[in-house]
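These are my notebook entries on a structure that I went through element by element.

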Amino acid sequence: MRDGIASHPQLAQFLSMLGMARNTTITLVSGMDVAQLDHHHDPYSNSIGMLLGHVIAVELSFQQRVLELQLDAHLDEVMWASGLELWDRGRFEFKRRELHVYTEALRRVRMRTIETLRGASDEWLRSMPRSPTLSRRGLTLALYGDHSIEDELRHQGQIVWLTDRVSGYPGAFS
């Protein structure tokens with residue numbers, strides 16, 4: 001471990017979980033084409049592209065609200081913000097996008113989170129957010145981060161389920 005992270009085992013574990021979750025998400029969709037990313041199993045389901053957009057949007061929200069970062073100028077704020085809402089807005093926004101659009105955003109957003117957290121500590125993870133709205137809930141910064149990871153893991157399960165039903169894709173575990 002670098003940058004003094006070894007002296008902060010909770011932070012090191014959190015950074016490791018962030019990396020593993022994101023690598024798994026990207027691996028699950030590797031090689032998908034636009035039709036597979038846009039596939040809706042039924043009229044009420046999200047597409048894999050929509051789920052990827054949601055994962056990106058949740059992390060951007062974490063960066064803004066918890067890490068107090070400004071939006072990344074290289075990302076289309078309007079597009080990714082619609083990932084928090086999904087449904088009709090997501091159906092409109094997350095269509096006809098190549099896989100690299102999603103994977104580049106997934107990597108860029110996660111790298112920014114990890115680079116920001118490298119300067120943190122276990123004590124910081126156990127602290128309350130400075131935002132009155134967030135701190136009023138009584139959750140530590142670590143719990144907000146855990147929610148971001150947990151959300152991604154849940155959507156990985158949905159992606160696995162959908163990949164087994166997408167025409168022409170061998171499935172997540174083939």
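**Entry 1: helix α3**

I began with helix α3, residues 48-65, whose 18 residues reach 26 Å from the first C-alpha to the last, close to the 26 Å expected at 1.5 Å a residue. I note here that the model is a predicted one. I then looked up burial, and 16 of the 18 residues of α3 are buried, so the helix is largely enclosed by the rest of the structure.

**Entry 2: pockets**

Which helix gives the most to the lining of the largest pocket? I found that it is α3, with 4 residues, while α3 and α9 (141-163) each supply at least two. The volume of this largest pocket comes to about 210 Å³, and its lining includes Val 58, Phe 62, Arg 65, Arg 137 and His 147. By residue class I recorded 6 nonpolar, 3 polar and 2 charged residues in that lining.

The second largest pocket has a volume of about 160 Å³, and among the residues that line it are Gln 10, Phe 14, Met 17, Arg 126 and Asp 146. Two or more residues of this lining come from each of α1 (9-29), α7 and α9, with α1 giving the most, 4 residues. Its lining divides into 4 nonpolar, 3 polar and 2 charged residues.

**Entry 3: salt bridges**

I counted 9 salt bridges. In one of them, the side chains of Arg 110 and Glu 59 meet at 2.6 Å, N to O; since Arg 110 lies in helix α6 and Glu 59 in helix α3, the pair ties together parts that are 51 residues apart in sequence. Are these two partners buried or exposed? Arg 110 counts as buried because its relative accessibility is 3%, and Glu 59 is buried as well, with a relative accessible area of 1%.

Next I looked up Asp 151, which forms a salt bridge with Arg 154, the closest N and O atoms being 3.1 Å apart. The two are 3 residues apart in helix α9, so about one helical turn separates them. Asp 151 counts as buried at 6% relative accessibility, whereas Arg 154 counts as partly exposed at 42%. I also noted that salt bridges with shared partners join Arg 22, Glu 59, Arg 110 and Glu 152 into one network.

**Entry 4: a loop residue**

Last, I checked Gly 119, found in the loop between α6 (99-117) and α7 (122-126).

Note on methods. Residues are numbered from 1 along each chain as its sequence is written. This is a predicted model: local features need pLDDT of at least 70, side-chain atom pairs count only at pLDDT 80 or more; totals for chains, interfaces and linings use all residues. Side-chain values use heavy atoms; hydrogens and water are left out. The expected span of a helix is 1.5 Å times one less than its number of residues. Buried means under 20% relative accessible area, exposed over 50%, partly exposed in between (1.4 Å probe, protein chains only). On a 1 Å grid over the protein atoms alone, a cavity is a set of points where a 1.4 Å probe fits but cannot get out, and a pocket is an open set with protein on both sides within 12 Å along at least five of seven lines; lining residues have an atom within 4 Å of a point. Grid points are joined across faces, edges and corners, and a volume is the space filled by probe spheres set on the points. Ala, Val, Leu, Ile, Met, Phe, Trp, Tyr, Cys and Pro count as nonpolar, Asp, Glu, Lys and Arg as charged, and the others, Gly among them, as polar. A salt bridge is a side-chain nitrogen of Lys or Arg within 4 Å of a carboxyl oxygen of Asp or Glu.
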